[in-house]
Amino acid sequence: MSRRTERVSELFRRAVAELLFEVLPGPTLTVTAVEVSPDLRQAKVFVRSLATAPDNLLVRLHNEAPRFSTQIFHKYDFKYAPELHFYLDHSAEHVSRVDELLEQVEGESRG
């Protein structure tokens with residue numbers, strides 16, 4: 001990833017987080033990462049949800065994506081409005097599972 005796309009990714013992460021807070025106030029959602037395509041027209045937005053129904057949340061985010069895109073386009077004066085795609089970030093669960101497996105292996109090696 002180039003330095004430019006890294007900077008734009010971080011800018012999008014902050015912008016989307018602000019917009020999400022307006023739509024879903026409270027600590028129900030965290031924007032963990034944004035991956036922007038080299039032409040800046042596409043952005044994958046990874047979110048972690050504390051809500052019990054994350055699938056419904058993704059539907060709502062996909063419905064709001066065009067509005068978010070337009071607001072980012074106007075606020076930062078990009079050449080194109082980025083097309084936002086939302087994904088659940090499962091990295092925390094993966095890390096937790098790896099920790100469990102390592103503890104299990106460690107316990108088996110002791111006894």
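1. Val-36 has Ala-43, in strand 2, as its bridge partner. Strands (DSSP E runs of at least two residues) and helices (DSSP H or I runs of at least four residues) are numbered from the N terminus. The model is predicted: local features require pLDDT of at least 70 and side-chain atom pairs pLDDT 80 or more, while totals for chains, interfaces and linings use all residues. Residues are numbered from 1 along each chain as its sequence is written, and side-chain values use heavy atoms, without hydrogens and water.

2. Strand 1 and strand 2, the latter covering residues 42–49, pair in the antiparallel sense over seven bridges; pairing requires at least two DSSP bridges between two strands.

3. The open sheet contains three strands in the order 1-2-3, with mixed pairing. Strand 1 (29–36) and strand 3 (83–88) each have a single partner strand, so one side of each lacks a neighbour in the sheet. On average, neighbouring strands are turned by 25° against each other, direction ignored.

4. Helix 1 (residues 3–23) packs on this sheet and touches strand 1, strand 2 and strand 3; contact means heavy atoms within 4.5 Å. The direction of helix 1 makes about 150° with that of strand 1. Axes are lines fitted to C-alpha atoms, for helices over the stretch in contact, and angles between N-to-C directions run from 0 to 180 degrees.

5. Thr-5 lies in helix 1. Its contacts, neighbours within four places in sequence aside, are Val-36, Ser-37, Pro-38 and Leu-40.
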